[in-house]
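Subject: Structure handover

Hello,

Here is the structure for you to look over. My notes follow below it.

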Amino acid sequence: MLDTRAKFSTALYWVFVWGCGLLVLAFMIGPILLALVMSFNSGSTLRFPPEGFSLRWYEMLFDPIASGPIHTAAKNSIEVALSTVALVTLITAPAAWALARAPKRFSGSVEPILLAPLVLPSLVYALAALLALSLLGLGPSFIAVLIGHAAVFAPLMFRTVLGLAQRQNPALEEASETLGASRIRTFLRISLPGILPGIFAGAFLVFMQSLDNVSVTLFLGDPGRTMLPLRLFAMLEESLDGRVAAVSGVLILAAAILLVVLQRFGARDAR
Amino acid sequence: MMSDTGLHIRNVDHSYGDKQVLHDVSFDVPDGKVVALLGPSGCGKSTILRAIAGLITPDRGTISLAGCDLTRVQVRNRKLGMVFQNFALFSHMTVAENIAYGLAHLPKTERKARVERLLELVRLMPFADRFPPSLSGGQQQRVAVARALATDPAALLMDEPFGALDRALRAELQAELVRMQDDVGITTVMVTHDQEEAQAVAGQLVVMNDGRVEQVGTPEEIYDRPASLFVNGFIGHANQVAATVTGPGGLRTADGTEIAMNRAVNFIPGAPVTVTSRPEHLTLSTRIHPGAMQARFDRAVVMGQFLTIDATLADGTAVKAQVLRDDGPRPEKGEAVWLSPDTSRLHVFPANTNGA
Amino acid sequence: MTNMSRRAFTLTGLSALATPALIRPARAQGGSLVAATFPGSWEDAYRTVLTPMVQEAGYELTIAPSMAQDQIARLMASPGQPPYDALLVSPGQSDILVKEGLIEEIDPTRLKNWDKLTPAAQDAWGPHVTIEVNGIAYNPEVVDKPSGYRALFEDEQYDYNLALIGFGSNTATMAYTEINKAYGGTYENMQPVFDLLESYLPKIGAIATSGSNQMTMYQQGEIAVFMASTGNVARLRELGMPCEFAHPETGSPSVPVAIHMVKGASNPDAVYAYMDAAIDAAAQVQLAEPPTAMIPTNTEVPYSEVISQFVTPEQVANAVYPDWQAINEHRSEWTETFDRLVVR
Amino acid sequence: MIRKDTLLSWPMIAFMVLFFISPLLLLAGISLRGEDGSWGLGNFAAFLSDPFALGVLTGTLGLGAKVTAFASLAALPLVMLYWHSGKRMRSVILICTLLPMLTANVVRTFAWVVLLGRNGPISQTIFGLGLSDRPFSLLFSETGLIIALVQIELPLLLLPVFAVLNRADRKTLEAAEVLGAGRWRAWFSAIFPQIIPAVLAGWVLVFASATTSYVTQSVIGGARLIYLPQYVYREVGVLFQWPMAAAISILLLASTGVIMLCLTMLARHERLQGHA
C-alpha cells in the first residue's frame, strides 16, 4: 500500500519534471519558431497557419528599392549599436577589472550605482535624460542616443566582465610581473584573455539590447533618422507587413548564430 | 656575514590599513642557500615574501640582493623567480608557452633551447604542448618551478609550493626540489606552514609569529634551543606546565612538584613561568619518584618502537610522553603514574599568558 | 496648452515623440529643410516622390515622421527654435497652430502650382495637398455593406466585428460627432454618443490604439468594420485584403490635409519649393496611385482608378465638413471621457 | 581621494553618475514642480487622489505580481528538469532559454500578436474543440498580456537559478534520498532552499521588467489596458505635462524600488536561516 503510493509519487514526479518541463521549454521557444514559420508564408497577410511556402517576404525585404527605408533604419541602428558596444567596452571592461581588485568596501559601495540601470525602467531613464538634455539646451542626436544606450546597457557588460574578473586569480598577474612583463604586456597577455569571454558575452548582450531598444531611442533620437525598432513597430502596427516576419527571421537567425558562436568560444565560464 | 652576497631583509614593517602585519622583520638568506619562512597562517610570512618579490612596498625597511637595494626596484625588474601558491599557471597557454613567458626578450631559437632545457630539468618534455589544467598537481608544480627558473633569476621565492599536493606526492617533490637545488644552487626563500616540509627542504628556518621573527636558525638549533615558548610549541610538540620560580635553579609546578634544574634560570624567585618538555624527554614510572609529576594515565599509542603516552596532570594539563616500547611499565587507564623530566632539556619561559 | 486636445498615444505617434528642447537635427543649414509628415506610407511616399523634386529645386529635404499632434507639441516646446520648417496637418490642428501663432500665412505668388489648385485647396495658411474622405471600411466576406453609422451599433451582424478608437484620431472624432448628431446630441452635448458607446462596449470587436492599428487588426481578422478614410481602404486592398468602403447615410466627413510654413522657418525658399512639389501635378499623379491613393487637389490631376472606386469629385465637393473650432474646444474633455470609459 | 588601484574604474563611475544618476535626480526635482510654478508634492497628491490613476498604479503592480507568479510556476518544472539533466540537455535548455531573451522585442511581440489573435492557433484550437461558441481573441486582454509577458520574462528568472544549479552540490540530493525522502521531498528540501536567493533575484528582474515593458503592454494589451508606462508616455507625448510625467515615473521607480528592497531583505533573511 505504502509502496504503491511511493511508486505513484515517484512516477508523478518524473511526469511533472519531464512532461511539464518540456512543455515550458516549448512555450518559451514556440513563439520564436512560429515567427520563423510565418516568415516563409506565401500569403499576403499574416494568418496562422500560413497559406504556403515562399521566400517573397525575404526577397521584398532585401530589395533595396522597396525596402530602402528599412535598410536605412537598420544601418542607423547598427551604427548606434556598434558605437554603443565600443563605448561600453571602453569604459566598462577596465572598470570591472579594476573593481574586481579594489578593496571590498570601495567596490561594494560603487557597484550598486553601476548596476542600477539593470532594474530601473529604461523608459524612466529616457524621460530623465530628455529632461536633462532640454535643460542643457541640447536636442536629440546621435550622440545623445549613444550616451543613453551606453548608460542603460553598460551594466550588462559590467556584470559579465566582473564575474570573470573576480574569479581570475590575481596571482596570475603577479606571476606575469615577477616574470618581467610590463603592465601593458601583463594586461594584454594575462588579464585580457581571462575577461575576454565576458567582454564578448557582454558585447553581444549590449548589441542586441541596443538594436532592440525603443524608449531611449525614441526620446533621445534625432527625428530625421529612423531607427530599426521604431520602424519595425510602425510596420507592425500600420499593416501586418510580411516583411516584419522576414526581419524577425533574420534577427532570430542572427541571435541563434551568435549564441552558438558564443557558446563555442568562451561561454564555458562567462556565466 | 658578508653583506654583498645573498638576500638581506632589514627592519621591515608593513601594514594593511590600520593593521600592522610585519613588525621589524630582519633575516638573511646566504647566497645559494634555502631558507624557509615558517609560521602559522596569518603570521605575515607570505607578506614578507610578497615584499621581497616587490608585489607590495613595505612601509619601512630595506630588502637587498647581492648588494643591490631592491626596495625601489619595480617587480618586473627585480629578476626574481616566484612560485605561487596554487601555482598561478596561465591556463590559456601551453606548458612551453608558460615557461617561455618570461623570455620574451630572447631571440626565438635561444628561447626555444632554454625552454627545452627547463622542460628536461623538471622532466616534463612530453607535456610541452599540453595546457596546464590537463596536468596533475605535481606536474603543474613542476611547470611553475620551471617557469620561475626560466628567467635565470637571482633568487627563487616559493609560496607554499607543496600546499596543493597530497602528502605522498609532497615528500617526493620535496626530495626533487632538494636535488634540483643542489644542481642549480639558487638562493631560495620558501614559505610554508608545515614544519616537516621546512625541515626537509631548508637549511635555515625563520620562524614567524604575529608579524614578528621569533627565531632564525638551523632546524636543529630551533628544535633544541627554542627562543620562545611559541617556537618551542610550534616546532615539534612541547608539554607546557605552569610553575613558579623558587630559587636560582629551582621550580615548583602548579601541583607542587619541586623540580631542581641543573642550571640557573634567569627569573627572580616567585615569578610565574611555563616549563616545557619534549615528549621524548619524559620518563614514565608507576611509582612515586622525587622530582616527578603525578599524572593520571589515559592511553598509550604504539608508534613503531615507541609508545606515545597521554596523561593528565592534577590541574588538568594534558601531557604527552614518548618512551621506548620494550622497557617501562604499561599502566591501566586511570592509574596514577609519575613523569620525570630530563632537567637538562627543560626550557623555562615567562608564564604563558596568551594560551598559545 | 490646456486647450490642446488629447490623443490616445500610439506607437506610431511615439516614434515622433514631442520633446521640449528638440533642436533641429544637425544638418547643413541654408540649403535644406525639415518637413514633418505622418509616419508610415505618407512618410515613404513623400520621401520617394518629393525628395528628388525638392533636390532639383536646389534644396535638401529631410522627412521627419511625426503625428500631427506631436508636431504641435514639439513646436510649442521650443519657441524660437522650431524643429521643423514645414508641417503637415489637418484643420483640427491648423486651427490650434493659427491660434498659437506657430505658422505663417504664405505668399501664393511664390507657388508655381497655386493656380492649378481647386479653390477649396487655396488656403491662405498653406496649400491643401489632399483631402481625406472618411466613411466605413468593411470586409464583404464577413458582413454586409453597412447602411450607415447607426447600423453598426444596431445591426447584430456587426457585433464583435467593429473596432473603435479614441478621440485622438481625426477620423474617429468626426465619426463620433456625426453619430452623436444621429442620436440627438450636439457639439455641446456629447452624452448620447458616450451612452451609446458604454452600452455597446461588451459587444465591441476591439479598441484600437491608433488609426493604423485598426488596419493590422483588420488584416488579422480581429475585426471586420472600422471608421476609415478611402486611403485606408486602398492600402488594405493593396495588401490583398478584401475591403470595401461605405459612405455613411449622414454624408462622408471630409478633412483636407495642408502643408504649413512654420513661423521662423530657417529657409522659407526651401519650404516654398517643397509645397510646390507637393501640389505639383506630376507628384499628385503618383500619390493618387496605391498604396497612398491620395485624392488630388491639383485640378490637372484626374482621379486615379482606385480613388474612383470610392468617390467621385461630386461627392468630394459635397462632403461634410465638421466644425473644428467646436471640436477643438471640447476635444481634450472627450478624449479623457472616452479613455476612462474604455479602460477596464 | 582616488586610490591608484581603483583608477580604471573612475571613468565608468563618472560616466554613470554624470549620465545616469544626475538625470534621475533632475527628474525627481522636476516631479516636485507644480503646474503654477510652485514646488511641492502636488503632482503626487493629484495622481494618488485620482481613482483612475490610482487604478492604473495598482493595475501595474498587479500585472507585475501576476507575471512574476505565473513565471515562477512555469519555471519550476523546467528548473527541476535542468537539475536532472546531463551536460548536453542542460546546454539545450540553456540555449532555448537564451534565445527568447536575445531575440528582438518586435519578433516576440509579433509572434504573440499572431498567436493570441482571433484567427490564431490558440483560439482556433479551443473553438475547434467546441470549448467556445465562437472564435475569441486573447489580444487586448490581460490574460493574453500575461501569457506573452511570462514567455518574454521567463529567462530572467531561469538564468540566475541555472547559474546556482550549475554550482550546486548533487550530493545533498543523494543524501536526502539516502535518508529516505521521496523524490518530491528530496527535491524541495535539499535543492529548493539552495536556489531561493537566485529566485528572489530573478523575481526582482521579472517584476521590474514586466511592469515597465511599454512595447508589449501597448501592442498586446491594446487601448483598453493602461499601465504606468503608457500613462507616462501620455503625459509627456500627448498632454505635455512634464512634471506630472516625472512624478509618475518617480512613483513607478519607487514602487519597483520598494519591492526590490523587500525581496533583497527577504533574500538576506533566508540566507541567514540557511546558515543557522
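The accessible surface of chain B is about 16600 Å², and carbon and sulfur atoms hold 50% of that area. Areas come from the Shrake-Rupley method with a 1.4 Å probe; for residues, only the protein chains shown count as cover.

First, the ground rules. This is a predicted model, in which local features need pLDDT of at least 70, side-chain atom pairs count only at pLDDT 80 or more, and totals for chains, interfaces and linings use all residues. Residues are numbered from 1 along each chain as its sequence is written, chains are lettered from A and ligands numbered from 1 in the order in which they are written, and side-chain values use heavy atoms, with hydrogens and water left out.

Chain B overall

Chain B has 356 residues, and 51% of them are buried. Buried means under 20% relative accessible area, exposed over 50%, and partly exposed in between (1.4 Å probe, protein chains only). The C-alpha trace of chain B spans about 80 × 45 × 35 Å along its principal axes.

Chain B contains eight helices and 20 strands. Both are DSSP runs, numbered from the N terminus: helices are H or I with at least four residues, strands are E with at least two.

Take the contacts of chain B with a separation of 6 or more: 65% are between residues 24 or more positions apart. A contact means heavy atoms within 4.5 Å.

On charge, chain B carries 35 positive and 40 negative side chains. The centres of the two sets are 4 Å apart. Lys and Arg count as positive, Asp and Glu as negative; His and the chain ends are not counted. Each charge is placed at NZ of Lys, CZ of Arg, CG of Asp or CD of Glu.

Strand pairing in chain B

Two strands pair if DSSP finds at least two bridges between them. An open sheet of four strands in chain B runs in the order β2-β1-β4-β5, with antiparallel pairing. Its edge strands are β2 (19-29) and β5, each pairing on one side only. Two bridges link β4(B) and β5(B) in the antiparallel sense. Across from B:Ser64 sits B:Asp69 of β5(B).

Next, the hairpins. Strand β11 (residues 239-245) of chain B meets β12 (residues 250-253) through three bridges, antiparallel. Four residues connect β11(B) to β12(B) in a hairpin. B:Val245 has B:Leu251 of β12(B) as its bridge partner.

β12(B) also pairs with β13 (residues 258-260) of chain B, again over three antiparallel bridges. B:Arg252 stands opposite B:Glu258 there.

Backbone points to check

Two residues of chain B other than glycine deserve a look. B:Ala66 has a positive phi near 50°. B:Ala66 lies in the loop between β4 (60-65) and β5 (68-69) of chain B. Its relative accessibility is 46%, so B:Ala66 counts as partly exposed.

B:Glu160 has a positive phi of about 45°. Its place is the loop between β7 (155-159) and α5 (167-184) of chain B. B:Glu160 is buried, at a relative accessible area of 9%.

One item comes from chain C. The peptide bond between C:Pro290 and C:Pro291 is cis, with omega about 5°. C:Pro291 falls in the loop between α11 (281-287) and β11 (295-296) of chain C.

Best regards
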